[in-house]
Amino acid sequence: MSSPVAELLQRSNEREQRLQDNLLTDDQTAVRSELLEFAGRRGGHYNLYGPRGVGKTTLAKYMMIHEDGWGYAPWLPVKNASAQVLFVDNVPATRTASRRAREIIGFDTPETVISVSRKPVPETKARVTLSDN
């Protein structure tokens, strides 16, 4: 038989897990899986894009909090380059921006940069879109 404290702790943990599970939409959860796959490839420049308000930044910040070694930074100047996987937000959809994002990878870290943008960024290894459906 478990103690009342253990039961309370278990209920608290279950409630916290339900809260975390409910933070992301179904689309964000599916995109999260693809982003984890990108990170598993160990290196490169990827792109998460979609229209304003679909939750791209929310997903990036969620992953920064819940995944070990993930970071987040607004577009230039990038100050959080110590993460292994770095989301760079509000990246313009231009070749110049794409090259600048790849230059960030040239530092010791991060191994992977994921540009967050409203439109597809050229010259990325792969892209994933987050839609409002």
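A residue is called buried when its relative accessible area is under 20%. The model on display is a predicted one.

Begin by selecting tryptophan 70. Its relative accessible area is 10%, so tryptophan 70 counts as buried.

**The aromatic pairs**

How many aromatic pairs are there? The count comes to two. For one of them, select phenylalanine 38 and tyrosine 46, whose rings are stacked, with 4.4 Å from centre to centre and 10 degrees between the planes. Both phenylalanine 38 and tyrosine 46 are buried. Return next to tryptophan 70 and phenylalanine 87: their ring centres are 5.7 Å apart and their planes stand at 40 degrees, so this pair is tilted. Tryptophan 70 belongs to strand 2 (residues 70-74) and phenylalanine 87 to strand 3, so the pair ties together parts that are 17 residues apart in sequence.

**A residue in strand 4**

Select threonine 112, which lies in strand 4 (residues 112-117). Is threonine 112 buried or exposed? Threonine 112 is buried, with a relative accessible area of 1%. Neighbours within four places in sequence aside, its contacts include Ala39, Arg42, Tyr46 and Val85.

**Two helices that cross**

Two packed helices are described by the angle between their axes and the distance between the axes. Select helix 2 (residues 26-40) together with helix 3 (residues 56-66); their axes come within 11 Å and cross at roughly 55 degrees. That angle makes helix 2 oblique to helix 3. The crossing of the two helices is right-handed. To view the contact, display Gln28, Val31, Arg32, Leu35 and Leu36 of helix 2, and Thr58, Leu59, Tyr62 and Met63 of helix 3. The residues of this contact divide into six nonpolar, two polar and one charged.

**Two loop residues with positive phi**

Most residues other than glycine have a negative phi. Select asparagine 90, where phi is positive, near 60 degrees. Asparagine 90 sits in the loop between strand 3 (85-89) and helix 4 (95-105). At 54% relative accessibility, asparagine 90 counts as exposed.

Finish at glutamate 123, whose phi is a positive value near 60 degrees. Where is glutamate 123 placed? Glutamate 123 is in the loop between strand 4 and strand 5 (126-129). With a relative accessibility of 31%, glutamate 123 counts as partly exposed.

Technical notes. Residues numbered from 1 in each chain as written. Predicted model: local features only at pLDDT ≥ 70, side-chain atom pairs only at ≥ 80, totals over all residues. Heavy atoms only, no water. Axes fitted to C-alpha atoms, helices over the stretch in contact; angles between N-to-C directions. Helix = DSSP H or I, 4+ residues; strand = E, 2+ residues; numbered from the N terminus. Parallel < 35°, antiparallel > 145°, perpendicular 65-115°, else oblique. Left-handed = near helix turned anticlockwise from the far one by under 90°. Contact = heavy atoms within 4.5 Å. Nonpolar A, V, L, I, M, F, W, Y, C, P; charged D, E, K, R; others polar. Buried < 20%, exposed > 50% of the residue type's maximum accessible area, 1.4 Å probe, protein only. Phe/Tyr/Trp six-rings, centres within 6.5 Å; stacked < 30°, edge-to-face > 60°.
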